[in-house]
Amino acid sequence: MTTRTTRTRLRPAAPVAPPVAPVRFTAPFRTGREQELLAQVLASPMWHGDGVHTRTAEALLRERLGGGCVHLTPSCTHALELAAVLLDLGPGDEVVCPSFTFTSTATAIAIRGATPVFVDVRPDTLNLDVDAVEAALTERTRAVFVVHYGGVAADVDRLRALCDARGLALVEDNAHGLGGAWRGQPLGSFGTFATQSFHDTKNVTSGEGGALVVNDPAFRARAEVVREKGTDRSRFLRGEVDKYTWQDQGSSYLPSELQSAVLVAQLEAFDDIQARRHHVWDRYAAELAPWAAAHGVRQMVVPDGAEHPAHLYYLLLPSAADQGGLIRHLGMQEVSAVFHYQPLDSSPGGRALGRTPFPCPVTADVAARLVRLPLHAGLTRQDVDRVVAAVLAYRPVA
Ligand SMILES: *Cc1c(COP(=O)(O)O)cnc(C)c1O
């Protein structure tokens, strides 16, 4: 014991660097209301789904999403699967979707035995290239699944016209797009269905969570049956039938009231959360512009008519070496930046379960060069100062 004390005293004083808190890439924003609403659920006798908090969250979402019928689900993945069930997708059917997206867009199709058909994205918005969609259609095509990457609207006018002309369903995977719009109309209101995500990497969150938006009234009655284990329990709860029974295909796609209570707190604070996120996004766009122009770095493109919801902020670096280069450079300064989707068409799952009629060179190229910067509602002014300064100090290798 004595020895240890002595040794400690003899050790020369090391210079102590001031601790720098890492700038996280993403973090759920605490509004302060989550615990109160959660406590209400825990004190109540109803913890399962479709109680008052689920109804409140659905009503708040309906206002944001243009009035479609909204059903909360345990995740966006489940909402996509629910859409695939409602469309009766099965073996032999094809669904066109981007190669540049999260796996769930494609697994929701493949899990029904249908074939995801991967097409390339446009180089400006990284959204579906509608010419490529058109070229990929066959007599087996049943639907198009579209993603609004970063919440920047895909070409919904042309996609809607194309789908209507051929009798195809359009499904918006709107995981990034809550709060976004195209020509004043909310993203999530253009498709036969739209799906939302409340994973804690998204703008509002319940940890895990999602929603199915049913915009085509023809699917309303069936959507509530499939979501409720194939029963007409929703009609029973409204007093429209005196018992509920098995009616149709189904599974359990209800989040518990515990999740919904957290989501209500988040949705009530939506405007505040969005203002904070836009503030960060706008600073990156303005303060990185001269550096980007000088070094051949492309910033995000938001076409006229598109209102984005500040879901993510990416930079397209000049080369693949710069993707790793910038991520490592920022990491050394405790700033967490990340790449994004890897091409589905060339992935093992995509090759086994999907079909790719034409190469997807834009997807392959941007997947190798894209870097996303930290973006969440909890970033302070000093955090953003640090990110901006760290990016400005980076010099692309080319
Ligand atoms: C996050 C995300 C999903 C999956 O959402 P979960 O709620 O985690 O299932 C699906 N599609 C896209 C485009 C996403 O970004």
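Visitor: Where in the fold does Asp50 sit?
Guide: Bear in mind that this is a predicted model. Helix H2 covers 34–43 and helix H3 covers 52–64. The place of Asp50 is the loop between helix H2 and helix H3.

Visitor: Is Asp50 buried or exposed?
Guide: Its relative accessible area comes to 10%. The cut-off for buried is under 20%, so Asp50, at 10%, counts as buried.

Visitor: What is the phi of Lys229, and which loop holds Lys229?
Guide: Lys229 is not a glycine, yet its phi is positive, at about 55°. As for the loop, Lys229 is found between helix H8 (220–227) and helix H9 (233–237).

Visitor: How do the rings of Tyr149 and Tyr314 pair: stacked, edge-to-face or tilted?
Guide: Their centres are 5.9 Å apart, with 40° between the planes. Stacked needs under 30 degrees and edge-to-face needs over 60.

Visitor: How many residues apart in sequence are the parts that the pair ties together?
Guide: Tyr149 lies in the loop between strand S4 (141–147) and helix H7 (156–166). Tyr314 belongs to strand S12 (residues 314–316). The pair therefore ties together parts whose separation in sequence, in residues, is 165.

Visitor: Which residues form one aromatic cluster with Tyr149 and Tyr314?
Guide: Tyr149 and Tyr314 are both buried. They form one aromatic cluster together with Phe100, Phe102 and Tyr341.

Visitor: How far is Tyr341 from the ligand's oxygen atom?
Guide: Tyr341 belongs to that aromatic cluster, and its side chain also has an N or O atom in reach of the ligand's oxygen. A polar contact is a pair within 3.5 Å, and here the distance is 3.1 Å.

Visitor: What percentage of the ligand does the protein bury?
Guide: Taken alone, the ligand exposes 380 Å². Of that area, the protein buries 93%.

Visitor: Which residue has a polar side-chain atom 2.7 Å from a nitrogen atom of the ligand?
Guide: There are 14 residues around the ligand, and Thr77, Asp173, His176, Ser197 and Lys202 come nearest. Lys202 has a side-chain N or O atom 3.3 Å from an oxygen atom of the ligand. The residue 2.7 Å from a ligand nitrogen is Asp173.

Key
Residues numbered from 1 in each chain as written. Predicted model: local features only at pLDDT ≥ 70, side-chain atom pairs only at ≥ 80, totals over all residues. Heavy atoms only, no water. Phe/Tyr/Trp six-rings, centres within 6.5 Å; stacked < 30°, edge-to-face > 60°. Helix = DSSP H or I, 4+ residues; strand = E, 2+ residues; numbered from the N terminus. Buried < 20%, exposed > 50% of the residue type's maximum accessible area, 1.4 Å probe, protein only. Near = heavy atom within 4 Å. Polar contact = N/O pair within 3.5 Å; in protein donor to acceptor, adjacent residues only side chain to side chain. Areas by Shrake-Rupley, 256 points an atom, 1.4 Å probe, with all protein chains shown as cover.
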